[in-house]
Amino acid sequence: MQKLTTILSTVLLATASTAVFAQAHNVSAGYQKPTDPLVIENLEQWQDMKFGLFMHWGTYSQWGIVESWSLCPEDEGWTQRKPEHGATYNEYVKNYENLQTTFNPTDFNPQKWADAAKAAGMKYVVFTTKHHDGFAMFDTKQSDYKITSSKTPFSTNPKANVTKEIFNTFRNDGFKIGAYFSKPDWHTDYYWWRYFPPKDRNVNYDPQKHPDRWQKFKDYTYNQINELTSEYGKVDILWLDGGWVRPFKTIDQSVDWQRTIKVEQDIDMDRIGNMARKNQPGIIVVDRTVPGSWENYVTPEQAIPEHPLDIPWESCITMGDSFSYVPNDNYKPTKKIVETLIKIISRGGNYLLNIAPGPNGDYDKAAYDRLHELAAWMKINQNAVYATRTIAPYHQGDYYYTRSKDSKIVNVFHLSEGDAYEQPNEYVFHVPDNFKVKKITILGHKGRVNWSQHDNQITLRSPSTRFSYATAIQLLSK
């Protein structure tokens, strides 16, 4: 991930302005709505899905460390290196890259993941085909630093091309398929040229002084994305990370990390995006934090905007504390995950929940436990989640609102503070303006619902049915 300091320190943001949201969350302002009808259609379908699975996985899982970032010579909390992995920077890099020779996740079974994710209500998947460290989790022809290399023990496994296996498995189960791909590549000599030491996350030479080398990097990136979008079946989302690889003119000087970009890093997104659209008509392209026609939705990281946005957006948030696998990670309670989902959809976004496989090729049991508990809640409440849109008042007190796309149904979710859900004796909430209530149901309750209305306020007696995590109330219009 991009490890954007302001995002990590900001969980909720009190602003109704997209521009202010963009500045504080380090996502770009000036959203450009797509004009391609197939992209618009795909984006609409994606917005209906609401809930997706993110997976960060690579050789770094063997050390149980943050993905890629320990290679970056910046003194940040997420770039720290453990002395036992190398006393000097160069020794550390050598040992990190040598993880390729021991990576053997023999418990890898993508069907197990797909079954659990589908039951939990997830509708799309985004998988890290290549992170900043440059290790390809697919069978690229551009590099031998890949999971299918003979240097990697897992290469002899019939499922060695894990990207293909994941995409095929999840696609067969009805998921939209997203390919995460890092534009910067800290392994290739075309980005971090070994003639110079790396200085920070950026390219370590001036592309304008060495245009031939930069052209090779552009071609290298183009060719890998061409492989992903032409050899791996239908791909619905190209999710590009590493926003410091961008045209210099797009730098936002109000954003700290963007001010560290000192040289031109234009990778020619028109060439890449048009190729991807030729290979995959209608593909959503997410060029994170780079304003323009190739950022089809914006991606706040580990954060939720407090107010609705009028542009497509997705919060990518970890189930544990880390995007990558960490032994004994602190997994969020299911109640917290449900509450996060409700808050996100009430503000018009999608929830991309990250679960990191371990070095053995599987999730921790705690992750499966959360997915199993989510499945029970989603089975009951899914009609209030999918294919919904925002409606004022959006959020009042403990109540959060969504509506059906035809505006005939308003969903009112009740949440409560604390570790366990506390169901009130009465639900008291306001009806959206100009919505005439004909009938009220509570999802998961089969009996009669006792309610009354005074002006635009509903009072509803709590039924004998007990609910977990949150209550979903549906108002049907006259």
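Q: Which residues line the second largest cavity?
A: This is a predicted model, in which local features need pLDDT of at least 70 and side-chain atom pairs count only at pLDDT 80 or more, while totals for chains, interfaces and linings use all residues. Residues are numbered from 1 along each chain as its sequence is written, and side-chain values use heavy atoms, with hydrogens and water left out. A cavity is a set of points, on a 1 Å grid over the protein atoms alone, where a 1.4 Å probe fits but cannot get out, and lining residues have an atom within 4 Å of a point. The second largest cavity is lined by Trp 57, Gly 58, Thr 59, Tyr 60, Thr 128, Thr 129, Lys 130, His 131, Asp 133, Phe 135 and Met 137.

Q: What volume does the largest cavity have?
A: The whole structure holds 2 cavities of 30 Å³ or more, a volume being the space filled by probe spheres set on grid points that are joined across faces, edges and corners. Residues including Tyr 325, Asp 329 and Asn 354 line the largest cavity, and its volume is about 50 Å³.

Q: Is Asp 287 buried or exposed?
A: Buried means under 20% relative accessible area and exposed over 50%, with partly exposed in between, for a 1.4 Å probe and protein chains only. Because its relative accessibility is 4%, Asp 287 counts as buried.

Q: With which side chain does the side chain of Asp 287 make a polar contact?
A: A polar contact is a pair of N or O atoms within 3.5 Å; within protein, one must be able to donate a hydrogen and the other to accept it, and residues adjacent in sequence count only if both atoms are side-chain atoms. At 2.5 Å, the partner of the Asp 287 side chain is the side chain of Lys 183.

Terms used. On a 1 Å grid over the protein atoms alone, a cavity is a set of points where a 1.4 Å probe fits but cannot get out, and a pocket is an open set with protein on both sides within 12 Å along at least five of seven lines; lining residues have an atom within 4 Å of a point.
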